[in-house]
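Subject: Structure handover

Hi,

Here is the structure for you to look over.

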Amino acid sequence: MDRRTFLKGGLLVAGGGLILPKLSVAYDPSEILAWSRYPLKSPKHPLIVQTMRPRNFETPVQYYEHFYTPNEAFYVRWHQADYADKKEDFKDYKLKVYGPAAKKPVEFTLDELKKNFKVYELTAINQCSGNRRGLSDPKVTGLQWRYSALGNAKWVGVRLKDVLDAAGVDPKAKAIVVHSSYNPPTVQGQDHFAKAIPIWKAMDENCLIAFEMNGEELPVENGYPARLVIAGWTATYWIKAVTDIQVVFDLPKNFWYDTAYRLPRGKFPTIEFWDKDPSAPFVPITEMVVNSLVVKFVNNNTKRTIYPYEVDNTQIKDIKNFARMGDYITVMGVAYDGGYGIKMVEVSVDGGKTWQEAKIIKSDGRYSWVQWEHTFKVEKKGVYKVMAKASNRMGQTQTFELIWNPAGYHNNVVQTFNLYV
Amino acid sequence: MRKVVMLSALLVSFGFSAETLKGTPEEKAVMGYCLQCHSYDYIKTNAPLTQKGWEGVVKKMVNVFKAPIPEDAQKQIIEYLTKYYGKKE
């Protein structure tokens with residue numbers, strides 16, 4: 001039963017012309033599953049439900065001890081409830097490039113994309129614009145993501161630039177407007193979820209049309225058969241199951257870039273910037289801000305590991321009965337930015353009074369995150385206030401206080417963990 | 001939807017008990033309009049909001065996302081949300 005037949009069968013017209021829903025017997029939609037863990041993509045990897053429909057699932061933080069986030073544990077974010085959700089649904093898949101600023105419309109099947117263009121590999125962070133929105137205070141509406149609407153993956157695909165060149169981009173073209181016909185509006189009159197990407201970014205060699213993720217086909221939940229990789233920019237631009245790329249001189253009106261996904265002008269140190277209206281008070285979100293995330297604490301003496309988050313990632317958990325006098329504790333985490341590259345990560349164990357440089361243990365290019373660790377010896381009783389702070393090669397660093405904004409974007413507040421000895 | 005049904009069955013078989021919307025069946029009947037586009041999880045995760053907050057949400061659903069909800073039903077939805085998932089100004 002699809003959604004439409006469900007609704008048709010489930011709605012009845014009652015007296016007074018008011019339509020009242022009759023709840024289906026097969027599935028009681030009044031179930032609220034949010035903030036629980038369920039096996040959603042694979043029985044082995046329970047994810048945290050934000051919403052069941054559309055599918056919005058968060059990755060439990062402990063998966064980030066893997067340098068490449070496992071596909072089956074990779075977070076999931078969709079705007080609209082109706083979309084193709086089985087690989088068979090995509091058997092007629094085609095990518096079309098057209099529009100007023102495209103000299104010659106072209107289209108490619110997945111095989112043609114793979115055959116006609118050179119294939120590249122790029123490791124890049126994919127982070128939802130709204131990651132950590134749920135930590136905003138005062139609260140803002142929207143998906144209440146905690147710490148882990150992100151993942152690091154090795155993407156394989158063709159360059160967006162090469163595919164655009166096949167269509168011939170007019171030198172006066174301003175942007176591409178991208179959407180997926182497999183993810184249509186849920187009700188009539190709604191705008192299609194579409195994103196506008198300025199030509200200078202679309203032609204960047206680090207933007208791909210990716211059909212592989214960590215050595216496998218993309219999961220349907222993450223954009224099978226092919227999705228955009230707009231390295232350095234938040235995931236709103238990484239259109240999944242991408243089918244339509246329009247090359248334009250002027251942007252058609254669309255809620256998803258005219259109104260949504262915008263930041264108050266001047267509040268964030270964003271370098272990459274653009275807008276069709278240069279005087280607008282709210283500007284489109286683009287590159288990610290520099291950030292770090294603590295993943296785990298390891299006691300080298302007892303060999304115990306602790307992931308200091310509540311089971312639903314809701315909040316940081318105090319660390320108790322874990323460290324004794326004389327133990328060596330290693331704190332490990334990740335750090336990333338919008339592609340300038342992480343320069344260093346510093347760790348404080350005294351609430352920010354003094355900082356030590358952490359060791360970068362793995363990296364894979366400037367669009368990837370780095371994994372870092374820092375080991376310290378427990379030498380006194382009391383509370384160790386452990387913090388981590390990343391800086392990038394632009395000299396940008398994290399904030400200690402939230403830069404509040406109405407959509408809850410760009411939360412890169414330094415985390416604090418209480419380790420009780 | 002098929003996936004949701006299957007998952008529901010799976011969860012039931014594992015003995016998970018699902019949380020349901022507050023209120024009587026009559027009170028929450030009008031909330032069925034929300035299911036045209038999304039599950040009820042959004043109510044739990046965005047609560048509590050003030051009456052003004054819920055008004056803003058319903059207005060956005062109708063005006064921006066074009067949810068076809070008659071005006072009297074919009075009012076009932078706001079009343080319901082304020083009663084069960086509301087907070088004081």
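First, a term: two residues are in contact if their C-beta atoms, placed from the backbone, lie within 7 Å. Helices (H or I, at least four residues) and strands (E, at least two) are DSSP runs, numbered from the N terminus.

This is a predicted model, where local features need pLDDT of at least 70, side-chain atom pairs count only at pLDDT 80 or more, and totals for chains, interfaces and linings use all residues. Residues are numbered from 1 along each chain as its sequence is written, while chains are lettered from A and ligands numbered from 1 in the order in which they are written.

**Chain B overall**

Chain B has five helices and one strand. Their order from the N terminus is α-β-α-α-α-α. Chain B has 89 residues, and 31% of them count as buried. Buried requires 20 or more other C-beta atoms within 10 Å of the residue's own; exposed is 12 or fewer, and partly exposed is in between, with C-beta atoms placed from the backbone. Take the contacts in chain B between residues at least 6 apart in sequence: 73% of them join residues at least 24 apart.

Two packed helices are described by the angle between their axes and the distance between the axes. H4(B) spans residues 51–63 and H5(B) spans residues 71–85; they pack at about 140 degrees, with axes 9 Å apart. Axes here are lines fitted to C-alpha atoms, for helices over the stretch in contact, and angles run from 0 to 180 degrees between N-to-C directions. The crossing of H4(B) and H5(B) is right-handed. That term applies if the near helix is turned clockwise from the far one by less than a right angle; anticlockwise is left-handed.

Which residues of H4(B) and H5(B) meet? From H4(B) come Gln51(B), Trp54(B), Glu55(B), Val58(B) and Val62(B). From H5(B) come Gln74(B), Ile77(B), Ile78(B), Leu81(B) and Thr82(B). By class, this contact has six nonpolar, three polar and one charged residues. Ala, Val, Leu, Ile, Met, Phe, Trp, Tyr, Cys and Pro count as nonpolar, Asp, Glu, Lys and Arg as charged, and the others, Gly among them, as polar.

**H4(B), side by side**

H4(B) has 13 residues and reaches 18 Å from first C-alpha to last, close to the 18 Å expected at 1.5 Å a residue. The expected span is 1.5 Å times one less than the number of residues. Gly53(B), Trp54(B), Val58(B) and Met61(B) are the buried residues of H4(B). They cover an arc of only 130 degrees around the axis, so they sit on the same side of H4(B). The arc is that of the directions from the helix axis to the C-beta atoms. Lys52(B), Lys59(B), Lys60(B) and Asn63(B) are exposed on the other side of H4(B). The cover over the buried residues of H4(B) includes H5(B).

**H5(B), side by side**

H5(B) has 15 residues and reaches 20 Å from first C-alpha to last, close to the 21 Å expected at 1.5 Å a residue. Ile77(B), Ile78(B), Tyr80(B) and Leu81(B) are buried in H5(B). Seen down the axis, the buried residues of H5(B) fall within an arc of 165 degrees, so they line one face of the helix. The face turned away from them carries the exposed residues Glu71(B), Asp72(B) and Lys83(B). What covers the buried residues of H5(B) includes H2 (25–28), H3 (41–46) and H4 of chain B.

Lys28(B) is in H2(B). Lys28(B) counts as partly exposed because it has 19 C-beta neighbours inside 10 Å. Lys28(B) and Gln76(B) are 48 residues apart along the chain, with C-alpha atoms separated by 9.3 Å.

**Backbone points to check by eye**

- Ala47(B) to Pro48(B) is a cis peptide bond, omega near -5 degrees. Pro48(B) is in the loop between H3 and H4 of chain B.
- Tyr224(A) to Pro225(A) is also a cis peptide bond, omega about 5 degrees. Pro225(A) is in the loop between S15 (216–217) and S16 (227–230) of chain A.
- Trp35(A) is not a glycine, yet its phi is positive, near 65 degrees. Trp35(A) counts as buried, with 21 C-beta neighbours inside 10 Å.

Best wishes
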